[in-house]
Amino acid sequence: MKRRDWIKNSSLAIGATYLSRASFGNEASAEKASFESSHGFTNLSINENQFGPSPLAVKAIKDSSQYAQEYPLGGQARLKSTIARHEGVSVDQVILGAGSSDIIMGASSVFGLGGGNIVSSDPSFGPLMMWAKKFGIEHVKIPWTSNHGIDLEGIEKAITSETQVVYICNPENPVGTMAGTSELYEFCKRVSQRCPILIDEAYLDFAGDVDKLTMMRCVREGMPVIVLRTFSKAYGLGGMRVGYAVCQKELAAELSDYYVTGIGCGCSHVSLEAALAAYHDQDYLKSVRERTAEMRSQTISSLKEKGYEPIPSVTTFVLVPIEKDSKAVADAIFGGFGVKVSPRFYYEQNFLRISMGRPDQMAKLDKALKIIL
Ligand SMILES: Cc1ncc(COP(=O)(O)O)c(C=O)c1O
């Protein structure tokens with residue numbers, strides 16, 4: 001039997017056994033949740049922060065739950081002004097969303113409704129383009145550079161009078177690489193004279209000193225640049241759904257029109273208190289960054305020992321090219337070991353995107369990879 005067939009068959013066989021044991025969604029998975037995750041399996045496929053939130057955020061969640069009857073007006077005002085103070089902008093330049101996805105959804109309407117095009121690297125984090133395309137906008141895709149970077153030159157050349165916005169995910173998901181800070185800043189200075197730019201910095205907290213790496217400076221200098229951030233990744237609050245954007249106030253007002261509810265934003269009172277507490281605990285953030293970097297370097301070394309060439313990453317995930325069918329491999333890892341990774345296929349090449357987890361979770365994955373890859 002060919003190896004690929006074996007993987008397919010074994011994935012089905014082992015997967016069936018695993019599913020009958022864990023049956024996600026029933027009582028057995030609820031038991032499992034108490035020691036592993038609420039998913040009932042080890043999820044290394046969606047870039048959650050497996051180290052979890054700061055203990056101060058957990059305390060804020062518990063403490064604030066007693067005010068669950070209140071609309072979240074106070075929390076919104078406090079979080080906005082804390083962010084504005086830190087970034088050196090005015091409060092009306094900060095918008096909050098139920099996750100940064102919420103703001104991306106608003107942006108897809110603002111930029112998509114008039115037609116034209118969006119230019120982005122490809123592959124990139126897709127929702128802005130996916131949602132805007134529903135309004136009839138065209139997506140102009142610029143492939144990676146040969147070393148898996150964002151082709152800023154190619155993106156700039158592709159901009160036309162029809163371009164409504166340029167989307168730059170920095171660091172880039174799913175690749176894990178990052179544009180040079182001064183190169184990106186110079187790009188923003190030139191390109192923002194032609195069209196707005198949305199810089200998605202969801203993974204910047206993992207890359208190093210955020211205040212040095214961010215493009216917030218472009219906003220402070222008056223450029224039509226939207227910098228998008230989230231509490232879902234390094235802050236470990238994916239389930240709380242809090243994200244924010246910082247941009248010029250006119251753009252902030254326009255974006256808010258498309259997704260904000262009557263009482264400000266879609267975040268709950270409890271979520272906002274959690275985000276505020278997490279934002280103030282920079283020591284914990286640093287420890288997450290360090291632990292993630294350690295897991296990343298171990299994962300990369302271990303993949304290299306197995307003969308693979310993972311793409312260097314500054315984020316909480318690693319993209320590794322593989323020869324076998326990535327979907328069959330991911331199914332086999334999940335079926336046999338209860339570990340979920342994300343199968344990808346770009347430019348005729350199979351990849352696995354592996355999110356970093358805790359040491360015990362990465363050890364489980366390592367064992368799976370040794371057998372299945
Ligand atoms: C690059 C990027 N931006 C934004 C998001 C959205 O995250 P959230 O809505 O949880 O803030 C994600 C989620 O995976 C992401 O990878």
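pLDDT is the predictor's confidence in each residue, given on a scale from 0 to 100. The structure shown here is a predicted model, and its protein chain has a mean pLDDT of 91, with 90% of its residues reaching 70 or more.

The ligand sits in the largest pocket, and the shell of residues around the ligand is made up of 4 nonpolar, 6 polar and 3 charged residues. Of the 13 residues around the ligand, those that come nearest are Ser 101, Asp 200, Tyr 203, Thr 230 and Ser 232.

| Residue | Protein atom | Ligand atom | Distance |
|---|---|---|---|
| Ser 100 | polar backbone atom | oxygen | 2.7 Å |
| Ser 232 | polar side-chain atom | oxygen | 2.6 Å |
| Lys 233 | N or O atom in the side chain | oxygen | 2.8 Å |

Taken alone, the ligand exposes 400 Å², and the protein buries 92% of that area.

Terms used:
Residues are numbered from 1 along each chain as its sequence is written. This is a predicted model: local features need pLDDT of at least 70, side-chain atom pairs count only at pLDDT 80 or more; totals for chains, interfaces and linings use all residues. Side-chain values use heavy atoms; hydrogens and water are left out. A residue is near a molecule or strand if one of its heavy atoms lies within 4 Å of it. A polar contact is a pair of N or O atoms within 3.5 Å; within protein, one must be able to donate a hydrogen and the other to accept it, and residues adjacent in sequence count only if both atoms are side-chain atoms. Accessible areas come from the Shrake-Rupley method with a 1.4 Å probe; for residues, only the protein chains shown count as cover. On a 1 Å grid over the protein atoms alone, a cavity is a set of points where a 1.4 Å probe fits but cannot get out, and a pocket is an open set with protein on both sides within 12 Å along at least five of seven lines; lining residues have an atom within 4 Å of a point. A molecule sits in a cavity or pocket if more than half of its atoms lie within 2 Å of its grid points. Ala, Val, Leu, Ile, Met, Phe, Trp, Tyr, Cys and Pro count as nonpolar, Asp, Glu, Lys and Arg as charged, and the others, Gly among them, as polar.
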